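Please walk through this model with the structure open beside the text.

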Amino acid sequence: MAQYTRVSGSVGLITLQSPRVNALSAAVRQGIVDMMQRALSEPEVKSVVICGQNGIFCGGADIKEFGKNMSGPPLIPMIHAIEAASKPVVAAIEGIALGGGLELALGCHYRIAHAKARVGLPEVTLGLLPAAGGSQRLPRLIGVPAALDLITTGRHVTAAEALKLGIVDQVTDHNTVNVAVKFAKRVAGQSLDPRRISTYPCPCPSDADALFEKAMQKVRRAARGAIAPVACVQAVRAAATLPYNQGMEREKELMATLFTSGQARALQYFFFAQRAVGKWSMPSGARWETSKPRPVHKAAVIGLGTMGRGITVALAQAGLSVVAVETQEKQLMEAKQAISGMLERGAKRSGVAPALDKVSYSHNIQPVADVDLVIEAVFEDMALKKKVFQQLSAVCKPGTFLCSNTSGLDIDHLACQTRNPELVVGMHFFAPAHVMKLLEVVYGPKSSPHAVATAMQLGKKIGKVSVAVGNCRGFVGNRMLKPYLEQALFLLEEGATPEFVDQVLEEFGFAMGVFRVSDLSGLDVGWRVRMADGLAQPDPTTGQPVRVRQGRRYSPLGDLLCEQGRFGQKTGRGWYQYDKPGSQVAKPDPWLHSFLDEYRTRHGLVARRIDHQEVLERCLYSLINEGFRILEDGIAAGPEDIDVIYVFGYSWPRHRGGPMFYAATVGLNKVLERLEHYHQAHPDVPSLQPCRLLRKLVAGGSPPIHKWREVIKKVHSQL
Ligand SMILES: CC/C=C\CC(=O)SCCNC(=O)CCNC(=O)[C@H](O)C(C)(C)COP(=O)(O)OP(=O)(O)OC[C@H]1O[C@@H](n2cnc3c(N)ncnc32)[C@H](O)[C@@H]1OP(=O)(O)O
């Protein structure tokens with residue numbers, strides 16, 4: 001709703017009221033329409049100010065209303081009526097003006113922003129375009145190149161940048177509403193014609209065709225199959241080439257296609273999924289609302305390899321004091337240089353001073369005695385990690401949280417090395433740790449809710465999307481990756497090439513296919529794990545065929561490559577060949593193709609033609625099946641947790657919502673039927689056997705994804 005008050009004698013003040021972000025719900029839109037009519041009808045009122053309650057102007061259209069029957073006055077005529085008003089209307093922008101919120105402000109005659117406010121048109125991130133006139137007004141106001149940038153990326157800009165671009169007329173450090181009221185009084189009675197943006201000609205550069213062509217190529221490359229960025233370019237092109245009314249028609253047409261698209265549904269689901277993961281719960285019943293985080297001012301990082309360096313940078317950039325520990329003097333010096341470089345480059349990018357003085361370096365563990373939280377990031381070796389945890393437990397002050405950046409080892413084994421196992425959790429960062437948004441916070445059976453709350457809070461403070469997950473081999477992300485990788489190898493055995501599998505996965509929307517990613521991360525990483533698990537070599541005592549290990553089908557292809565020293569990009573050879581070690585340009589490798597041919601011959605395998613559908617179904621459905629198992633085991637609390645992990649940690653295309661949302665889109669019965677089909681064809685591959693929860697959901701009529709938690713609860717209560 002909206003509140004109306006008369007201030008300073010002659011100014012009608014309309015305050016949007018809809019917690020938490022004053023979204024333009026039906027009630028708010030009705031309120032604005034009614035209050036505008038009132039302000040225009042009162043003769044004493046000479047000008048109007050629109051603001052939002054609680055220091056927030058407006059977060060845009062109410063996303064919860066999308067997909068429901070729309071009621072209340074529509075946005076476009078409401079904004080047109082404001083622009084056409086006979087009295088000046090001033091937007092007082094505090095906090096944020098996003099999406100429909102900025103479009104509302106663009107309909108006003110003047111915009112005054114607080115210095116800390118941010119504005120933007122993030123509709124593209126929800127699979128939409130700014131279709132309340134935003135795609136037509138913004139280019140008229142700030143020009144085509146700047147509008148294209150803002151609309152196709154959805155990025156938020158600061159008040160200072162908004163002023164520079166010409167989006168707002170004034171920026172203030174003072175009370176924005178008071179400043180806007182004074183401003184409104186001053187402009188009362190002045191002609192409004194020059195202030196109506198829809199009447200402006202669109203400043204169109206002479207090389208418009210080339211500009212739009214370039215913009216289209218750029219968004220297509222970055223979009224990985226998302227349709228909204230393309231529609232955004234088309235809408236801005238309409239602003240540049242058509243009169244306003246025709247441009248609005250084009251905006252409407254483009255929006256109609258997007259609004260009902262599966263991609264918009266997926267992206268809107270993902271918006272709420274991101275928020276849902278913050279509301280974590282543990283099987284013990286502990287929850288985010290009732291578990292208080294402890295303050296963390298000073299932290300330590302143990303082990304300054306690639307991960308430890310990235311974690312140190314992330315902590316220091318967020319303002320924490322960090323003790324960075326590396327026992328080898330030479331490595332410590334190298335790490336110091338690397339961390340300082342990363343901090344300096346990051347500071348240059350964001351225009352702040354580098355946080356070099358936040359980090360102190362040590363080659364022994366003693367200086368961690370007074371820190372609030374430690375993140376261990378030593379080599380992925382259980383014996384080594386156990387030793388570090390024993391030392392930490394002896395050295396740290398009582399109450400220090402001890403966290404491990406393991407990517408899959410048992411948190412409970414580490415907790416058992418300490419005097420206070422309740423203070424131990426996993427904090428699984430993704431490389432590069434100062435860049436990647438995802439953090440898996442892993443609770444073991446003994447982890448206290450305070451420890452989880454503290455790690456989740458710290459994750460938020462350093463800009464991560466943190467997801468609380470249970471303790472199991474590989475946690476959520478890497479556990480699901482295992483069957484996916486396994487299927488990719490089996491497909492090679494059966495006749496596919498790495499290039500073909502990657503092409504299919506990249507067309508689906510992954511930034512990189514599975515083999516290109518493996519080359520990038522290093523094939524030796526998984527090899528060492530398989531060796532430690534006794535998988536990388538056949539056991540001659542069992543008499544089992546070479547392609548069977550521990551009773552199930554196994555592909556030794558990755559091991560064979562590693563035995564040849566082919567570790568991926570870093571050695572210049574892996575699933576692809578590279579010009580030189582460290583190069584990133586992957587080229588098909590004839591050696592690899594002959595190697596695959598020989599391998600198949602040696603094992604009596606006949607290469608067959610494998611199509612797109614089979615690659616996608618076997619790789620993705622086996623991964624999804626593991627996701628259902630994870631839900632069944634209570635390792636993730638809901639499908640949203642898995643989807644957020646996959647989008648932020650594994651480059652799953654966001655416009656497909658995440659693997660569990662994708663399964664719901666495909667249809668659970670289809671996923672089940674195809675898994676059954678493949679499991680019949682490959683009975684020695686247990687990951688293709690549909691899990692109980694998937695069967696239960698299908699038997700229950702495949703309820704929508706937001707109802708899965710109820711079914712999961714029932715499954716758990718029956719255990
Ligand atoms: C014809 C179509 C016309 C216009 C199209 C649009 O306007 S589409 C909407 C465009 N707006 C956006 O995309 C903004 C989305 N919101 C955000 O980016 C952030 O929420 C925001 C506003 C920057 C605030 O971030 P913060 O971290 O402070 O809070 P949080 O994200 O947790 O949000 C608080 C609660 O508000 C809910 N919410 C936020 N925005 C909307 C919205 N536009 N509609 C409905 N609800 C919204 C959010 O879900 C949180 O709810 P909660 O229940 O507390 O989890």
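Axes here are lines fitted to C-alpha atoms, for helices over the stretch in contact, and angles run from 0 to 180 degrees between N-to-C directions. Helices (H or I, at least four residues) and strands (E, at least two) are DSSP runs, numbered from the N terminus. This is a predicted model: local features need pLDDT of at least 70, side-chain atom pairs count only at pLDDT 80 or more, and totals for chains, interfaces and linings use all residues. Residues are numbered from 1 along each chain as its sequence is written.

Start with helix α26 (residues 668–681) and helix α27 (residues 692–699). They pack at an angle of about 135°, with axes 9 Å apart. The two are therefore oblique to each other (under 35 degrees is roughly parallel, over 145 roughly antiparallel, 65 to 115 roughly perpendicular, the rest oblique).

Now the annotated stretch. UniProt, in an unreviewed entry, places "domain: 3-hydroxyacyl-CoA dehydrogenase NAD binding" on residues 298–471. Such annotations may be inferred rather than shown by experiment. Over residues 298–471 the chain is 38% helix and 23% strand, and the end C-alpha atoms are 26 Å apart.

Next, the backbone. Most residues other than glycine have a negative phi, and most peptide bonds are trans. The bond from Pro19 to Arg20 is cis, with omega near -5°. Arg20 sits in the loop between β2 (11–16) and α1 (26–41). Ala431 and Pro432 are also joined by a cis peptide bond, with omega about -10°. Asn54 has a positive phi, near 55°.
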